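Trainee: Could you walk me through how to read the features of a model, one at a time?
Mentor: Gladly; let's look together.

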Amino acid sequence: MEMTARISHFNSKVDGRNCDGLVNHNGETTEITVSLSRKRLSPIEKGNLYRLRQRKFLLEDKKRLCTWALGTALLGILLMILHAELCPVVYQPGSIYALSINGLISFSTGCLLLLIIAFHYKDIRLFIIDHNQVDWRIAMTSNRVLGISLELIVCAIHPVATYLRPDMGNRLGVKSEGNSSAPLCLSSSHKEVMLDVELLLSALMFLRLYLVHRAVLLHSKVLLSASYRSIGSLNNINFTFRFVLKVLMNKYPARTLLVFIMFFWLSAAWMLRLCERQEQVETGGMDTALWLIAITFLTVGYGDVSPCTSCGKVVCLFTGVMGVACTAMLVAVMTKKLALNKGEKHVHFFMMDIQISKRIRHAAANVLRECWLLHRTTQAKDNSGEHRHHQRCLLEAIRVFRHLRLKQRKIRDYASEMVDLSKMQMIMCDLSANWNSSYHELEQRIISMEQKLDDLSRSFQRTSELLTQALHHRRLDHR
């Protein structure tokens, strides 16, 4: 039946509960109430939804700010490397190019500081939402304040000697002619303190790479996955960079180690070149620095080249420590890759057990044979040399038999230690389920037997009643 809607009162107040005025095909108006109301949320539920939505937006803002901060930090490091390589080979320290690049480094440093402050502002707001607090000063603990201060100090480090003495390297051109490796920019100054400060600030800019671990954490699938977070919260697991690094090392061990080793190799080689370049020594070249870092990282140490400056020695010392750590991780990864899994171990030990069982049967047969030969020579009593020979063969056969039995026992003990607990738990769960089903089936059978016994008892009662009535009628007939 076709029905059309007619709105009787267009300007009337609609409360969202019903809708009246339906007309059928006869023209008669029929009032039908249609429920259009939605479930109204309580203030607590509205507050929870608001908190979840704000938390999602804050996490996205934190991820975006961390990406921008990492890009700004890498831009500052690249500009510092570019300035150290081009000055004074391409342009002089006091030129407009040097001031421009240093200005860009300072500008990127300022932008990085602003991004770090904005990131921690979002982090504090997220802390307030998670803990349902109103006052932001509750989130400003001593550890948080100390961490923010250290981050700002680390990110603020960059070379500033050019602004202090712009004309420090004007006399550099005459001195650097004829040298294959150019010294550090501002190295023409007679004040070694300024040179050491410039070198130290340039090397310390690599500390900005701590932002990599934060970017990896915020962009990892572990943190973005709702299932990971739900299961982790049930098991009291904190999703930190350590947990994400463990996940990466388990999923992509070779790729993770390769990326870290290559990046560390290039960074340490350039820092060594930066340290050694001021002394105009052999290790001031990039190729020699790469070779020295490689043999130090691998703990080989041929001794053909060695660092001359204190800064270079510190870099080589740190490289050796990192090389030992990476070698240990590489050995662990290779051991894990070459190790047999549970299925392979079960197959391997099963086949070894079969082979040893065959050898034990052969050894037992040899023992019986030597016993029979010894018994036969003992009965003959005519050849003492052959008797001693069979005695030695019998003792050797017994020794081999005992050795094989001991080896089989060790293999079975080791195989029994490889019991899969999850598999045993599944087997026990299946057995428990079977027992429960058997128990329920037995209960049903007992109940059915009780019902049948009740039916039999009622039948017996009826039969006894019928017999009593029949006997009574028969007595009456006899009378």
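Trainee: How many residues does helix H12 have, and what span does H12 reach?
Mentor: Helices (H or I, at least four residues) and strands (E, at least two) are DSSP runs, numbered from the N terminus. The expected span of a helix is 1.5 Å times one less than its number of residues. Helix H12 (residues 286-297) has 12 residues and reaches 16 Å from first C-alpha to last, close to the 16 Å expected at 1.5 Å a residue. After H12 comes Thr 299, with a positive phi near 55°.
Mentor: A word on the source: this is a predicted model, where local features need pLDDT of at least 70 and side-chain atom pairs count only at pLDDT 80 or more, while totals for chains, interfaces and linings use all residues. Residues are numbered from 1 along each chain as its sequence is written, and side-chain values use heavy atoms, with hydrogens and water left out.

Trainee: Which residues of H12 are buried, and what do they pack against?
Mentor: Buried means under 20% relative accessible area, exposed over 50%, and partly exposed in between (1.4 Å probe, protein chains only). In H12, the buried residues are Thr 288, Ala 289, Leu 292, Ile 293, Ile 295, Thr 296 and Phe 297. They pack against helix H11 (253-276) and helix H13 (310-338), a contact being heavy atoms within 4.5 Å.

Trainee: Which residues touch the most other members of the largest nonpolar core?
Mentor: In soluble globular proteins, nonpolar side chains tend to be buried together. A nonpolar core is a set of buried Ala, Val, Leu, Ile, Met, Phe, Trp, Tyr and Cys residues joined through side-chain atoms within 4.5 Å. Here the largest core has 32 residues, and Phe 206, Trp 270, Leu 272 and Val 315 touch the most other members. H11 gives the largest share, 8 residues. Leaving aside residues up to four places away in sequence, Leu 272 touches Ala 289, Leu 292 and Ile 293, among others. A second, separate core of 13 residues includes Leu 65, Leu 112, Cys 155 and Leu 211.

Trainee: Is Met 428 buried, partly exposed or exposed?
Mentor: Met 428, found in helix H16 (residues 421-478), is partly exposed, with a relative accessible area of 45%.

Trainee: And the chain as a whole: how many helices and strands are there?
Mentor: The chain has 16 helices and 3 strands. Of its 479 residues, 29% count as buried. Among contacts with a separation of 6 or more, 65% join residues 24 or more positions apart.
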